[in-house]
Amino acid sequence: MRNKVDKNGPDRGLDRFDLNILDLLQTDNHLSHGAIAEQVGLSTPSVQRRISRLESKGVIRSNVAVLNPQLVGNPVTAVIESRLVEDRSVVMDRAKLYFRDVDEIQQCYFVNGGVSFIIIMISRDLQHFEQLIRQHFADNPDILTYRTLIVLDQVKTGLKIPLFDLP
């Protein structure tokens with residue numbers, strides 16, 4: 001029996017074992033294949049094959065350590081709304097490529113609704129933040145306007161994706 005990730009979406013070829021493996025990996029990526037196998041009811045080689053398949057299909061995009069920015073010297077987080085000077089494809093594509101290469105940008109979303117990008121950016125302090133804003137927004141010829149919001153409290157940050165149809 002094959003389960004869908006979302007009852008309203010297409011079948012992604014993920015069964016309940018895949019979903020359970022993904023759920024476990026999202027919570028603790030250090031679990032051994034043996035520990036995962038024991039929890040989902042499969043053999044260790046089967047879990048290894050499934051994880052390799054999920055990686056090759058792009059379901060698992062990367063295996064990373066999520067750091068606490070405050071403890072590694074980047075305590076200032078800002079949300080930035082920016083609007084491009086024009087909506088031509090060449091400007092959009094150029095801005096996307098540009099923002100991808102800025103190390104301090106953690107997340108960048110190209111959106112609609114009167115704003116071109118929503119960006120999450122970290123910095124060492126407010127002076128560093130001002131330098132980044134000047135360099136990447138105020139002096140960027142592709143940016144028409146921008147608005148910054150300094151985060152006062154990170155109430156919830158995370159990367160875990162809810163998986164549907166888990167038994």
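Keep in mind that the model is predicted.

Let's start with the sheet. Four strands make up an open sheet, and their order is 2-3-1-4. The pairing is antiparallel. From one strand to the next, the twist averages 20°. Which strands stand at the edges? They are strand 2, residues 105-110, and strand 4. Each has a single partner strand, so one side of each lacks a neighbour in the sheet.

Now look at strand 3, residues 117-123. Strand 3 is joined to strand 2 by five bridges, and the two run antiparallel. Two pairs show how they line up. Phe110 has Phe117 in strand 3 as its bridge partner. Ile105 stands opposite Met121, again in strand 3. Strands 2 and 3 also form a hairpin, with six residues between them. Find Gly113 in the turn: its phi is positive, about 95°.

Strand 3 pairs with strand 1 as well. That pairing is antiparallel and spans seven bridges. Here Ile80 has Ile119 in strand 3 as its bridge partner.

Is strand 3 enclosed or open to the outside? Six of its seven residues are buried, so strand 3 is largely enclosed by the rest of the structure. Helix 4, residues 89-100, lies across strand 1, strand 2, strand 3 and strand 4. Helix 4 runs at about 20° to strand 3.

Next, a helix pair. Helix 2 covers residues 33-40, and helix 3 covers residues 44-56. Their axes are 8 Å apart, and they pack at an angle of about 105°. The two helices are therefore roughly perpendicular to each other. Who meets whom? On the helix 2 side we have His33, Gly34, Ile36, Ala37 and Val40. On the helix 3 side we have Thr44, Val47, Gln48 and Ile51. Of the residues in this contact, five are nonpolar, four are polar and none is charged.

That brings us to the charged side chains. Side chains of opposite charge can pair when their charged atoms come close. How many salt bridges does a search of the whole structure find? It finds eight.

Take Asp23 and Lys160. They form a salt bridge, with the closest N and O atoms 3.5 Å apart. This pair links distant parts of the chain, 137 residues apart. Asp23 sits in helix 1, residues 16-27. Lys160 sits in the segment after strand 4, which is residues 143-150. Asp23 is partly exposed, at 21% relative accessibility. Lys160 is partly exposed too, at 47%.

Arg134 and Glu130 meet in a salt bridge at 3.0 Å, N to O. Both lie in helix 5, residues 126-138. They are four residues apart, about one turn of the helix. Arg134 is partly exposed, with a relative accessible area of 48%. Glu130 is partly exposed at 41%.

One more pair: Arg88 and Glu86. Their side chains meet at 2.8 Å, N to O. Arg88 counts as partly exposed, at 47%. Glu86 is partly exposed, at 33%.

Last, a network. Salt bridges link Asp15, Asp18, Arg50 and Arg53.

Technical notes:
Residues numbered from 1 in each chain as written. Predicted model: local features only at pLDDT ≥ 70, side-chain atom pairs only at ≥ 80, totals over all residues. Heavy atoms only, no water. Salt bridge = Lys/Arg side-chain N within 4 Å of Asp/Glu carboxyl O. Buried < 20%, exposed > 50% of the residue type's maximum accessible area, 1.4 Å probe, protein only. Axes fitted to C-alpha atoms, helices over the stretch in contact; angles between N-to-C directions. Parallel < 35°, antiparallel > 145°, perpendicular 65-115°, else oblique. Contact = heavy atoms within 4.5 Å. Nonpolar A, V, L, I, M, F, W, Y, C, P; charged D, E, K, R; others polar. Pairing = 2+ DSSP bridges.
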